[in-house]
Structures are given as structure tokens and as C-alpha cells.
Amino acid sequence: MNTDESELVLFRAERRVREIQAKLHRWARDDPHRRFDDLFNLVADPAFLLVAWDRVRGNKGARTAGVDGATAASIAAGTGVEVLLGEVRSQLKDRSFQPLPVRERMIPKPGGKLRRLGIATVRDRVVQASLKLVLEPIFEADFLPCSYGFRPKRRAHDAVAEVRYLTSHSYEWVVEGDIKACFDEISHPALMDRVRKRVGDKRVLALVKAFLKSGILNEDRVLRKTDAGTPQGSILSPLLSNVALSVLDEYIAQAPGGPAASQSRRATRRRHGLPNYRLCRYADDWCLTVSGTKADADTLREEIAVVLSTMGLRLSPEKTLITHIDEGLVFLGWRIQRHRKRGTNRHYVYTYPARKAVMAVTGKVKTLCRRMGTNQPLDVLLLRLNRMLRGWCAYFRPGVSHAAFKYLSHYTWARVIGWLRRKHRRITWKELRRRFCGAGWWPTGQERTLFDPATVRTTRYRYRGAVIPTPWPITG
């Protein structure tokens with residue numbers, strides 16, 4: 001099959017998948033109690049498997065192999081995509097498909113700790129991606145607006161904007177939630193009970209359970225059973241974690257002082273000394289903003305701990321904090337704090353890059369400049385630095401970030417100049433500027449110039465509230 005034909009086949013498959021997803025989402029939204037019985041045939045549908053393969057191949061993790069040692073590129077060059085998808089479809093149809101254990105890889109976290117990452121085989125990733133294509137539009141109809149992580153059309157900036165908006169409107173106490181080893185401790189029976197509320201197809205339920213129980217092959221080549229949790233790093237894991245953690249969203253939404261309370265009801269509660277509260281969650285990171293007292297926030301924290309225990313989850317006592325907005329909090333890399341606007345007596349809530357986020361990016365710049373060999377040309381260093389700096393600045397652009405950008409600009413300049421002086425130990429400043437700065441002061445290679453964070457103009461992210469659209473049309 002030539003390139004034009006394959007692109008046409010993929011286009012038609014994507015169109016078919018979008019049409020079916022729109023129907024599933026509409027049916028789920030119109031009937032909140034409907035259980036879907038015939039979903040397995042969609043998981044094994046050639047169009048769904050082809051779109052799933054395209055997403056697995058286009059992911060950055062496609063270059064990483066599972067326990068079978070195969071990558072997306074090696075499969076495409078060897079057995080072929082059509083053969084792989086045909087085998088997967090046949091195994092799904094005759095119920096012989098069994099997921100292989102995920103390959104464990106420990107990646108460093110800030111503070112010296114390690115995060116467990118589970119790498120599935122490419123074959124299993126394709127089936128997981130097909131499962132997600134079928135299940136996501138159904139559960140998206142149930143997910144509440146307070147949830148932002150790993151959901152289509154939603155991003156971290158929406159969650160930060162909501163926290164800023166709420167803390168600017170009398171919700172001054174904040175419970176900064178931290179769930180201990182969330183992806184490793186989710187109860188399988190409790191999770192499957194929540195999945196069964198929407199999925200009645202036993203074949204799909206068995207497939208989801210098989211992925212949960214597939215096991216982990218650790219770095220010492222020892223196979224370990226998985227009796228709890230969802231492997232962090234798998235395609236299906238974010239959706240399943242949202243299904244599990246939606247128990248918290250629903251509890252807050254149905255509570256007397258939650259978002260369902262009218263404005264008059266909220267005012268009545270405050271007159272009687274009762275708190276009002278709103279939840280904002282991004283995957284397992286969440287903030288509960290409270291219009292009340294610190295004692296009210298402490299009581300709500302204990303209630304949330306009880307709610308999460310039904311899913312086998314625990315709060316981290318040392319990381320779950322109660323802070324006032326005047327003291328500030330750190331959420332998704334942002335520092336959110338209220339203080340007086342310079343030159344006035346008015347107080348506003350500001351968002352700017354957290355100190356830890358700035359230290360993280362400067363640490364990466366420092367490490368890259370140290371590890372880059374001086375035998376490499378300047379353009380190689382600038383290429384890798386520019387990618388990192390552009391991504392970091394794009395994330396922190398919608399905020400009060402100009403001071404952080406200026407600091408990062410100066411820090412990066414000093415590190416690159418230091419690398420050049422190590423590369424040419426006897427070079428003078430005049431010669432260095434002539435050869436590597438275009439007779440100025442800013443490092444410039446033969447093909448590219450060092451990206452300057454100080455030139456990035458900051459913006460204000462518009463708070464979208466509960467009107468964020470879904471990828472599937474509402475009408476029809």
C-alpha cells in the first residue's frame with residue numbers, strides 16, 4: 001500500500017471512529033444510568049485498531065520497547081502494520097489475547113525519590129489505545145468540570161486559572177492535597193465496580209481487568225504480581241485513574257456547600273458559620289478551596305481522607321497542607337499568592353513560576369551544558385537548549401513570569417558562555433564575541449541563535465469555567 005492510499009485509509013478510519021465516539025458520548029450523556037453492552041466489537045474493529053496504532057506510533061514512547069524488545073519502528077519494518085493489527089484482531093475475536101507484563105523503569109523525582117514507570121509492549125499499547133477510544137467518550141459524559149488532568153480539550157492552565165479565580169472570590173483557605181502513591185494503590189475491586197456502572201460488556205471488563213493484573217517485570221528481571229494500582233505510563237492508566245478519583249469529585253459536587261449550592265444558599269451558610277468549598281483536580285493533584293475558617297478546611301480534609309479510602313487511597317500527612325492564600329501555595333508548578341499591587345492599596349491573586357520550577361529548568365540547563373562535550377559544535381548545544389527553553393516558557397507564559405524569564409535568560413547566557421570558554425580555553429572576549437556572538441553579546445551559531453526567554457511576552461490565561469467543549473458534537 002503506497003503512502004497516499006494509507007493516508008486515505010487512515011482518514012476514513014478516523015472519521016468512522018469520531019462518528020461512533022460522538023454517538024457513544026451522546027447516548028451516555030442523555031441517559032446517565034445506561035450501561036453499554038456491546039462494546040467489545042468496537043475494540044476489535046479494524047478502524048479503531050488502525051487509529052490506535054497511529055496514536056501509539058506517533059507517541060514519543062514509540063521508540064521504547066516493552067518486555068518483548070519490539071518498538072513501533074521495528075514492527076513496521078519487520079512483520080508489518082497490517083500483519084500486527086490482523087493478529088491482534090484475531091486474538092481479540094477468539095478471546096486468546098493476553099497482555100504481557102509491563103517493563104518496570106525507575107525514573108528520578110525531585111527530592112531524590114524514584115517514580116515507577118510501567119512500559120507495556122507495543123501490541124498491548126495498541127489494544128489499550130483502542131479500549132480508550134471506546135471508553136473515553138462514555139466516561140467523559142460523567143466526569144465533572146472540576147477535573148482537568150488527562151482529559152480532551154483541557155489543560156493544566158485551566159486548573160490554575162480556576163484556583164486563581166476562586167481564591168479571588170472569598171475562597172481564601174486552600175487544602176493542598178497529595179495522594180500517597182496514587183497510581184500504585186488504587187483498589188482493583190473498587191475501580192472495577194465504578195467501571196461496571198457504565199460498561200456491561202463482560203468481554204471488555206475482562207480485558208480491562210487483564211491489563212490491571214498483567215504484572216510487572218522489574219529491573220532485576222523478577223516478575224511481580226499487581227494486586228492494586230494502574231501501571232503509570234500506560235495509555236489506559238490516566239482514564240482509569242480519573243474513573244477512580246471521580247469519587248472525590250462527586251462527593252464534593254453533592255455536598256451541601258459544594259458547587260451545586262445556589263448563591264443565596266451559599267450566603268445563608270456563611271451567615272450560619274458554615275463553609276462553602278470547591279474542588280479543582282488535575283489527575284492526582286488537587287486543591288480544595290474553602291470559604292470559611294481553617295478549622296472548616298481541617299474538617300473537610302478528614303472527610304476527603306475517608307472518601308479516598310473507599311478506593312484504597314491515602315493522603316500523605318506531611319504533604320497535604322492547609323494554607324491561606326496570603327501565604328501562597330504551589331500547584332502544578334505555579335506559585336499562587338495574594339499580595340498588594342505595587343503603588344496601590346488593592347490586593348490581587350497572582351500566579352508566577354514556583355521556585356522549584358525555576359530551579360528545575362536551571363538545573364537542566366546546567367546539566368546539559370556540563371554533559372555536552374566540547375568537541376561538539378555550538379549549534380548542537382543551542383538546538384537542545386532551545387527546545388527546552390521554548391517549552392518551559394510556553395507553559396509559564398500566561399502568568400506574572402517576566403522576572404523569572406529574565407533570570408533564566410541571564411543564567412542560560414552565563415552557562416553557554418562558560419561552555420564556549422571551556423571549548424576554547426585561550427580565546428579572548430573580543431574573539432569570542434566576534435566568532436560566536438555575531439560581534440554582539442548573545443550566543444549565535446552557524447544555523448541558529450540561542451533562544452532568549454526574556455523576549456517572551458507574558459499573557460493572562462482566560463478562565464473558561466464550566467463551558468469547556470468536548471471533542472464530540474453535542475447535537476445530532
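Strand 1 (residues 102-108) and strand 4 (residues 216-217) run parallel as a pair, joined over two bridges; strands here are DSSP E runs of at least two residues and helices are H or I runs of at least four, both numbered from the N terminus, and two strands pair if DSSP finds at least two bridges between them. This is a predicted model, so local features need pLDDT of at least 70 and side-chain atom pairs count only at pLDDT 80 or more, while totals for chains, interfaces and linings use all residues. Residues are numbered from 1 along each chain as its sequence is written, and side-chain values use heavy atoms, with hydrogens and water left out.

**The sheet**
- R103 sits opposite L217 of strand 4.
- Four strands form an open sheet in the order 2-1-4-5, with mixed pairing.
- Strand 2 (114-119) and strand 5 (223-224) are the edges; each has a single partner strand, so one side of each lacks a neighbour in the sheet.

**Nonpolar cores**
- The largest nonpolar core holds 81 residues, and L39, L92 and L288 have the most contacts inside it. Such a core is a set of buried Ala, Val, Leu, Ile, Met, Phe, Trp, Tyr and Cys residues joined through side-chain atoms within 4.5 Å. Buried means under 20% relative accessible area, exposed over 50% and partly exposed in between, with a 1.4 Å probe and protein chains only.
- Helix 6 (residues 122-140) gives the most to this core, with ten residues.
- Beyond its neighbours within four places in sequence, L39 is in contact (heavy atoms within 4.5 Å) with L24, V134, L135, I138, V199, D201 and V204.
- A second, separate core has 49 residues, including C287, V365, A404 and L450.

- L308 belongs to helix 13 (residues 294-309) and is buried at 1% relative accessibility.
- Setting aside residues up to four places away in sequence, L308 touches I179, L245, L248, L313 and L315.
- L308 and I186 are 122 residues apart in sequence, with their C-alpha atoms 9.5 Å apart in space.
- T351, in strand 11 (residues 347-353), is buried too, with a relative accessible area of 8%.

**A helix pair**
- Helix 9 (residues 188-196) packs against helix 10 (residues 202-212) at an angle of about 155 degrees, with axes 11 Å apart. Axes are lines fitted to C-alpha atoms over the stretch in contact, and angles run from 0 to 180 degrees between N-to-C directions.
- The contact involves H188, L191, M192, V195 and R196 of helix 9, and L205, V208, K209 and L212 of helix 10.
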